[in-house]
Amino acid sequence: MDFVELEAIEGLRWTWNSWPTASSKSEVDSSLIIPLSILCTPLTQSTDLPILPYDPVVCLNCGAVLNPYARVYYESKIWRCPFCHYKNHFPKSYAGIGESNLPAELFPTYSIVEYNPSKNIPASGSNSVSNGSKSGANWGASNGLLSTSGSMSSLISSSNSSLYTMGSMNGGGGIMVEAKGGTGSGNGLAVVFVVDACMVESELRALKNELLLVVAQLPENVLVGLVTFDKMVRVHDLGFAECTKIVLFDGDRELTSGQIRQLLGLHNVMQQHLGKVATPQKQGFLVPVSEFEFSITTSIEEMHSSGLVMSGHRHLRATGAAISVAAGLLEGCSMSTGSRIMVFTTGPATVGPGIVVESDRSHSIRNHRDLINGCAPFFDKSSHFYKQLSYHLRDASIVLDLFACSLDQVGAAELKAPVESSGGFMMLGESFESDQFRKCLRHMFSHDEDGHLKMYFDATIEIMTTNDVQICGALGPCFSLKKKNGLVSETNIGEGGTNTWKLSTLTNKTCIAFFFQMADDHKVEPGSAFFIQFITRYRYGALGVRKRVTTVARRWVTKQSPEIAAGFDQEAAAAVIARLAVHRAEMHYARDVIRWLDDNLIRFASKFGDYIPEDPSSFRLSSNFSLFPQFMYYLRRSQFIDVFNSTPDETAFFRLMLNREGVVGSLIMIQPTLFQYSFDGPPIPVLLDVCSISSDVILLFDSYFYVVIHYGSKIAQWRKLGYHKDPSHENFRKLLEAPELDAEQLVAERVPVPKLIKCDQHSSQARFLLAKLNPSVTQKSTHAPDGAELIFTDDVSLQVFLDHLQELAVQG
């Protein structure tokens, strides 16, 4: 079973593709060890995604959307819901439905469809003959019925086609539908730039240049606000043209959202008009680019550094107050089509709510040991402040992004809650002058082929299941809406107690892990099918609301069925266990998390291994399970669990990224990839082991967050001697170029942009590679080959880890 191909079709990765029946859910849990879960990428990119220009047909009983698994009674124009078995009548627009004339959502090849009613554009008719039928019906613009006799690619819009025509069978009344793009109306995205005025002049200059470039490329309907801060918070009135006008807030004060709106004069900003959409009163804090681009650019250009700081002290910086004011501004303007607060800072908050450290440098910023020992005086209070702020942000569908460029910590650990729950972007860099920052910011404001920003807001994901499946919860950049029904389990995992979750924003790569269990009160027959449907509603900028519906089916099997092993996706399982481990690490000590991982792995190996009891040498794992222990070994040593040599800010960033990345990205984070380049042939993957280091090869190492090009000692010496510049050593020049070209491609395709490190064997920078390699040869090794690279560590090697696992697993 090719799980990657299935993911391309469904946008899903299942830990188990066949689910076992049992007398109780606890029996299922004990028989599988790895939870029943699905990694869902709601807006996964697909080359043949049908875009349907009408509203979905919904079951009147349970709310599930019409799908290929529904049973259709063509004579009576009735369909039976596969989830609740309720019989529904088709709407009048489906009057012409038949076995040879089906709507797209009933085609078995379309497990994913997207509904976009705003793309319904009337046009002249064209003919679509149904299996040679001489009689037909005149379809309206909303039915979307398709003939099976024609080419599907010509009848259904996809992400590769721009227009398609659907006509009546008698030659009249056709419509033309635009598959993507189109015109939108109403207010667009709102962006509030929150800029740290304490940064040095060179950093501020680089930031201003990038912000000016972003503003110049924004669509005309985008609204822009500007907030700058040091120990005071300044809200710029961009609509006041006579001179620079700002509203000043004391950074020491913690104000409620209502107080902020009142001080900004936004307490009565929305005026309801009978029969009309509410429109904002005139205010100058959030203005459209089309009318105030000059004022916006002028205000950005006039930003200046707040000056020198007293010796031995940090800048007085009110980051928390600035974010609160920006949130109050957006709430006061009642933005409903998507809004972002983008924070650009170079240091920690030292005053006001959200304070991280005192301004006096005699007080060092907190580290992991301080957090464990309770010696971080501001951490709990500041984390609580940002946690409360996250509730306001998500209720108003406001996204919080953090761009932090500093050689020291900035307080990202405290800020993690609102950034993660809102689905915001986090970047930890060294300088606003770096390519890393420029690429990240420009990627966020990239456009589609029609000039619209590729941003999706105010999304909800609703899950429908058959009665034999219950929903336990979700892990990812989402939060529970607490909509509980009979499908929701009493067992909560992550954001649980609901079948509907909200995401303030998401991307084409945002991935959520959903957890399920078998319902206790339903007897399941082996061989019977169960169904799960994901209904994702989201707003594409100002282009209106769309719905993407994914409907999938799997089968129940007996506990002893070979289909269970055949359907185990060990890569998806590793990604799910990593999320669960990180979730536990937020509440437990690292050693307790490692013990939990080890206990689960021992039970897993004991359950699915083939062995003679009490004989470790007889232990074997089939190919479907053999890589999973290796993934767990590297997960135990990863920066997600082992926080040694990481700051709290870095740990928060690493865990935030893992919690939203898909299977492929998560695996690279857990077990990085290593490629070898040599004169012997093309690059080849090699073991993530210290033995892969050799003096005459180049290694390309990818750990997702940084990419390392490691030159062997001989290669480095030849490079220093300039052999690659000699025309007679053309092969050497190509050898040096190959990993650099591949590394540039890795860096270009990933956001946030990974750090690129080039190092020679035995150099200080080589530690980025050595720290992740399996220490098969250490200072304690007695049979190390001559000239072999050594890793000085007390960690056990992969082989020792597996040997211990076998000994414990065969004990039953």
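**Inside the fold**

Start at I341. Setting aside the neighbours within four places in sequence, I341 is in contact with V192, V194, I323, A326, A327, L330, L393, I398, V399, L400 and D401. Please keep in mind that this is a predicted model.

I341 also belongs to the largest nonpolar core, which has 178 residues. Those with the most contacts inside that core are W16, W19, I341, F514, F516 and I532. Which helix gives the largest share of this core? That is helix α13, residues 570-585, with 11 residues. There is also a second, separate core of 40 residues, and M199, V289, F437 and L453 are among its members. As background, nonpolar side chains in soluble globular proteins tend to be buried together.

Next, the aromatic rings. The structure holds 44 aromatic pairs. Take W16 and F608 as one of them: the ring centres are 5.5 Å apart and the planes are at 35°, so this pair counts as tilted. Where do the two partners sit in the chain? W16 is in the loop between β1 (12-14) and β2 (19-20), while F608 is in helix α14, residues 590-608. They are 592 residues apart, and the pair links distant parts of the chain.

Are W16 and F608 buried or exposed? W16 is buried, with a relative accessible area of 0%. F608 is buried as well, at 15%, because the cut-off for buried is under 20%. Ring pairs also join W16 and F608 to F568, F604, F625 and F628 in a cluster.

Two arginines lie over ring faces. R394 lies over the face of F479, at 4.4 Å from the ring centre. R719 does this with Y711, at 4.8 Å from the ring centre.

Now the cysteines. How many disulfides does the structure hold? The number is zero. For C59, the nearest cysteine sulfur is that of C84, 3.6 Å away. C59 is buried, with a relative accessible area of 3%. C511 is in no disulfide either; the nearest cysteine sulfur, from C40, is 7.1 Å away. C511 is buried too, at 2%.

Last, helix α17, residues 663-670. This helix is mostly covered, with seven of its eight residues buried. The buried ones are V663, G665, S666, L667, I668, M669 and I670.

How values were computed: Residues numbered from 1 in each chain as written. Predicted model: local features only at pLDDT ≥ 70, side-chain atom pairs only at ≥ 80, totals over all residues. Heavy atoms only, no water. Buried < 20%, exposed > 50% of the residue type's maximum accessible area, 1.4 Å probe, protein only. Helix = DSSP H or I, 4+ residues; strand = E, 2+ residues; numbered from the N terminus. Core = buried A, V, L, I, M, F, W, Y, C linked by side-chain atoms within 4.5 Å. Contact = heavy atoms within 4.5 Å. Phe/Tyr/Trp six-rings, centres within 6.5 Å; stacked < 30°, edge-to-face > 60°. Lys NZ or Arg CZ within 6 Å of the ring centre and 35° of its normal. Disulfide = S-S within 2.5 Å.
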